[in-house]
Amino acid sequence: NTPRHARLGSRTGQVGLAGHMGNRSSADSGSEGRPSDADSSVLDPDEEPQLPPEQMSYWQMAKQGYQELVNAIVRPPRANYEREHLGPDQFMFCGREFMRSDFPVLNNRGQTLRCSFWEPLERRGDANGALPCVIYMHGNSSARPECLPQLGLVLGMGCTMLAFDFAGSGQSDGEYVSLGVYEKDDLAAVIAWLRESGRVSTIALWGRSMGAATALMHGGQDPSIAAMILDSPFSNLQDIADDMLARGREQGVRIPQFIVAIALRMLRSTVQRTANFNIRDCSPINYIESCFIPALFCAGRGDDFITPSHSQRLHDAYPGDKNIILVDGDHNSPRPKFMFDSAGIFLQRYLQVPRDWALDGYERYCNVPPWVSINDTYGLGYGEYNVYERLGLDPHEVELLYTGGMSDERQAEIQANLMHMFGTDVGDASSSDGPSQRSSQDAAPKTQGTVATTLTELQNSSARRLRNMTQALDVDTSGCIEKGDYIDALLGSGRVVLLDEDDQSQEEDEATGAVQGVPVTPPPDVTPPTPPTER
C-alpha cells in the first residue's frame, strides 16, 4: 500500500508591481489543479546572471539581497508535489479502514484552496456521526502533505484530520503568501466549510511555523475552537530580523541601527505595494490578548531561525490555558515521540475524545504515515530521516514535505539575503582566505552601510541627524561646521544613493507605512543611480 513518490521540485513565483493579491480562480475547476507558471516570482533567474557574492559589486549585492528578501516574505519557493504524495485514497490502519477525500474551498478573495480530509469509513461519533477534527496548517514554502507525520496520531486516537494549502502555496490559487495576514482568512473559510458539512463536532488547530502563527491570529476571533497546538510560531517579523542581525554581529557584521530601521521601513513599503499587506500586521503577539483557547506551545531547543524565545514570549503573554514544551532539534527537525505523546494527551482532553476510541498500537506511528507497514519502520528510531529513506524518499523530499518546508538551505539563504541587503557578505566576516574578490572601489567595510534618500530629505534633516548619519557611515567630517558641510561630506562619501524626487512619490501614504526614501534596491524595473563622487 506504500504510495509511489515522485521527485519534488520547488518553483519560485514572480512578484509584479501591481500592488494587489492575485484574486483569480483556478483554471482547472475539476480536479486537483496547480497554478500555472505564469504565477512567477519577484525575481526571474533568467533576467540577470546570478553571480556569487564575492564577485558582486556592493550595489549588485544590495540589490539582489533586497529583492530576494522581498521574495522570502511574499513569494518563497512553492512546494511542488503530486497527488501520490498524499497517500492512497483508502487504507487500513490498526485494523480499521480509512479514506481520504480531496475538495476545493473558496476563500473570501475568490481563490480556490485545495483541501484533503481523512476519516474512518465507519463512523461512531455523536448521534449524527460527527467526529472531532484536527485542522493542520503547514509552514512557509510547504504544503498539506506536511501533515502526514501527525496523521497516524490523530486518526489513531479517534479523530479526523483536514489539511489544506494556503493561498499562494502548494496547489492552491494565489501568487503571494502573507505569513498569516491573509492565511487566517483562508483558515476561516475552511472552518466554515467544516461546520456546514456536519461531519465534525469539536475542532482543534495544529500549525507549524507560519501555520502556528495563523492559528494564533485566527484564535482571538473564533472562541468555538477547542484547542491549538502551536509548533514554532514567531512573535513578529521584527524579532526574526533582530535575531538574524544578532547572529550577524556574532560573525563580525555590524550594521548601524538607523540604517536597519530605514531598510525595514522601505521593505514594508515594497511589500505593501507588491502583495497588499503591511508586514507590521505579521505580529501574532498583537492578536492574542483576547484569545482564551487552550494552547500547547512547542519549540526546538536548537532552532536558530525562529528561536525558542518567540514561543516563550507568546506563552508568557497568552491569557488562556497554556503549556509549553521544548524538544530536541531545530526548526526543521522531525519532532520526537515526547512531543507526540504530549499532543495526544492535550487533544484527548480538550476535544473530549473517549479513551475507548483509540486504536491498538497507534502510538507507534510517530512521524510515519499510517498506511505504511510498521514492520518496515519500527525500531529505526522516531523522527529519523532513514525511516523515510526506507519508503523511497530522498532527503530533499523529506525536508519539503515533512519538516515545514523551511529547509536548512532555505534558512541560510534568507540569513544571507538580509546581510546582502546591507551590502555585506556574512561569509567574508569569518573567512581567512584573503580579501574579497570585489574591488576596493565597490566593497563596503562591514561597519559601514548605505542609505538611499533624496536631496530634499537631506536638506530637511537637522544638523544633529546629519552628524549621526556621518558617524554611523564612517564618513570623514573634518572641517564640517554647518549643516551644508555635513551634506557635502555625505554626498561625497559614495555611501549615499541620491535618488530623483520622482522616485520618492510612488504610492506612499499612511496606509502603506512608507517613509521618505526608497529601497536601496529599487523595484526591478528601476535602475539604481550611480552613487555621486562630487556634488
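Here is a short chat about the predicted model above.

Visitor: What kind of model is this, and how are its residues numbered?
Guide: It's a predicted model, where local features need pLDDT of at least 70 and side-chain atom pairs count only at pLDDT 80 or more, while totals for chains, interfaces and linings use all residues. Side-chain values use heavy atoms, with hydrogens and water left out, and residues are numbered along each chain as its sequence is written, from 1.

Visitor: How many helices and strands does the protein chain have?
Guide: Helices (H or I, at least four residues) and strands (E, at least two) are DSSP runs, numbered from the N terminus. Going by that, the protein chain comes to 15 helices and 14 strands.

Visitor: What share of the protein chain's residues is buried?
Guide: Buried means under 20% relative accessible area, exposed over 50%, and partly exposed in between, using a 1.4 Å probe and protein chains only. The chain has 535 residues, and the buried share is 58%.

Visitor: Where is S209, and what is its phi near?
Guide: S209 sits in the loop between strand 9 (200-208) and helix 4 (210-219). S209 counts as buried because its relative accessibility is 8%. It's not a glycine, yet its phi is positive, near 60°.

Visitor: Is S232 buried or exposed?
Guide: Look in the loop between strand 10 (227-231) and helix 5 (237-250) for S232. This residue has a positive phi of about 60° although it is not a glycine. Its relative accessibility is 1%, so S232 counts as buried.

Visitor: How are helix 14 and helix 15 oriented to each other?
Guide: Two packed helices are described by the angle between their axes and the distance between the axes. Axes are lines fitted to C-alpha atoms, for helices over the stretch in contact, and angles run from 0 to 180 degrees between N-to-C directions. Helix 14 (residues 463-472) and helix 15 (residues 483-493) pack at about 30°, with axes 9 Å apart. Angles under 35 degrees count as roughly parallel, over 145 as roughly antiparallel, 65 to 115 as roughly perpendicular and the rest as oblique, so helix 14 and helix 15 are roughly parallel.

Visitor: Which residues of helix 15 make the contact with helix 14?
Guide: Contact means heavy atoms within 4.5 Å. On the helix 14 side you'll find A463, L466, R467, M469 and T470. Helix 15 brings K483, Y486, I487 and L490.

Visitor: How are helix 3 and helix 4 oriented to each other?
Guide: The axes of helix 3 (residues 183-197) and helix 4 come within 9 Å. They cross at roughly 75°. Helix 3 and helix 4 are therefore roughly perpendicular.

Visitor: How far apart in space are I259 and L473?
Guide: I259 lies in helix 6 (residues 257-275), and it is buried, with a relative accessible area of 4%. I259 and L473 are 214 residues apart in sequence. In space, C-alpha to C-alpha, they are apart by 9.1 Å.
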